[in-house]
Amino acid sequence: MNNEKRLLIFQRLAEATPNPTTELNFTTPFELLVAVVLSAQATDKGVNKATAKLFPVANTPQAILDLGEDGLKEHIKTIGLFNSKAANVIKLCKTLLEKHGGEVPRQREALEALAGVGRKTANVILNTAFGEPTIAVDTHIFRVANRIGLAPGKNVLEVERKLDKTVPKQYKKDAHHLLILHGRYICVARKPRCGACCIADVCEFKAKNLD
């Protein structure tokens, strides 16, 4: 795929979604961090339902520690893997208080050192909480990047690096959300909605479903 086509793809995606952002509900970087950790193998809708009850009670590292692990589990038990997620959230709260004054760090290395936080989560925090032009490659973005020929790669890191090199500079900050929303609602896994797609004519997917 050439740069001209890439630019056209992002222009159209940006026109279709003028204010791309996460569908997780949050008001602070810490709330976003907790929500993203809870969202692993869970839907944003399910996480939002749980955090709507959790955050009014505890939305700081100290407040969550005061709840305790069992108390936290009570608030997030509707989310898959809630036992291990509760343990990770408790650990990361302790680390934030001990090493970062209770604040979410803005450095990738510091973020990835937190329990339950990998490269993808760190990228989400850097991009969504702090406005950095990072691109977190999840299953949706991995699928879209490979399917449409935008940044084909065998693994998420390869796709991330290709996107980082090739996404037009003016769209780098929003690329993560533009691609994830496109993958979530249009370029879906089993039967992509090519007939409703704003980039169908420039996409390089050969088995288009135009019905």
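Modeller: Let us start with Gln41, which is found in the loop between H2 and helix H3 (44-54). Keep in mind that this is a predicted model.

Colleague: Why does Gln41 count as exposed?

Modeller: Its relative accessibility is 75%. Exposed means over 50%, so Gln41 counts as exposed.

Colleague: What is the phi of Gln41?

Modeller: Phi of Gln41 is near 55°, a positive value in a residue other than glycine. Most residues other than glycine have a negative phi. Leu81 also has a positive phi, near 60°. Leu81 is found in the loop between helix H4 (61-76) and helix H5 (82-100).

Colleague: Why is Leu81 called partly exposed?

Modeller: Its relative accessibility is 48%. Buried means under 20% and exposed over 50%, with partly exposed in between, so Leu81 counts as partly exposed.

Colleague: What makes H7 largely enclosed?

Modeller: Eight of the eleven residues of H7 are buried, so the description is largely enclosed here too. The buried residues include Thr121, Val124, Asn127 and Thr128. What covers the buried residues of H7 includes helix H2 (29-38), helix H6 (108-112), H9 and H10. H7 is followed by Gly131, whose phi is positive, near 75°.

Colleague: How do H7 and H10 cross?

Modeller: The axes of helix H7 (residues 119-129) and helix H10 (residues 172-185) come within 10 Å and cross at roughly 115°. The crossing of H7 and H10 is left-handed. On the H7 side the contact is made by Val124, Asn127 and Thr128, and on the H10 side by Lys173, His176 and His177.

Colleague: How do the residues of that contact divide?

Modeller: The contact of H7 with H10 has one nonpolar, four polar and one charged residue. Val counts as nonpolar and Lys as charged.

Colleague: Which residues does Thr22 contact?

Modeller: Leaving aside neighbours within four places in sequence, Thr22 is in contact with Leu32, Thr128 and His177. Thr22 lies in the loop between H1 and H2. Thr22 and Leu179 are 157 residues apart in sequence and 11 Å apart in space, C-alpha to C-alpha.

Colleague: Why is Glu160 called buried?

Modeller: Its relative accessible area is 11%. Buried means under 20%, so Glu160 is buried. The place of Glu160 is in helix H9. Not counting residues up to four places away in sequence, Glu160 touches Arg119, Asn123, Ile135 and Val137.

Colleague: How many aromatic pairs does the structure hold?

Modeller: The structure holds one aromatic pair. The rings of Phe10 and Tyr171 have their centres 6.1 Å apart, and rings pair if their centres lie within 6.5 Å.

Colleague: What makes the pair of Phe10 and Tyr171 stacked?

Modeller: Their planes are at 20°. Planes under 30 degrees apart count as stacked, so the pair is stacked.

Colleague: Which parts does the pair tie together?

Modeller: Phe10 lies in helix H1 (residues 3-16) and Tyr171 in the loop between helix H9 (156-166) and H10, so the pair ties together parts that are 161 residues apart in sequence. Phe10 counts as buried at 0% relative accessibility. Tyr171 counts as buried at 16% relative accessibility.

Colleague: How do you know that Arg147 lies over the face of Phe205?

Modeller: Arg147 is at 5.2 Å from the ring centre of Phe205. The distance limit for a charge over a ring is within 6 Å, and Arg147 is described as lying over the face.

Note on methods: Residues numbered from 1 in each chain as written. Predicted model: local features only at pLDDT ≥ 70, side-chain atom pairs only at ≥ 80, totals over all residues. Heavy atoms only, no water. Axes fitted to C-alpha atoms, helices over the stretch in contact; angles between N-to-C directions. Helix = DSSP H or I, 4+ residues; strand = E, 2+ residues; numbered from the N terminus. Left-handed = near helix turned anticlockwise from the far one by under 90°. Contact = heavy atoms within 4.5 Å. Phe/Tyr/Trp six-rings, centres within 6.5 Å; stacked < 30°, edge-to-face > 60°. Buried < 20%, exposed > 50% of the residue type's maximum accessible area, 1.4 Å probe, protein only. Lys NZ or Arg CZ within 6 Å of the ring centre and 35° of its normal.
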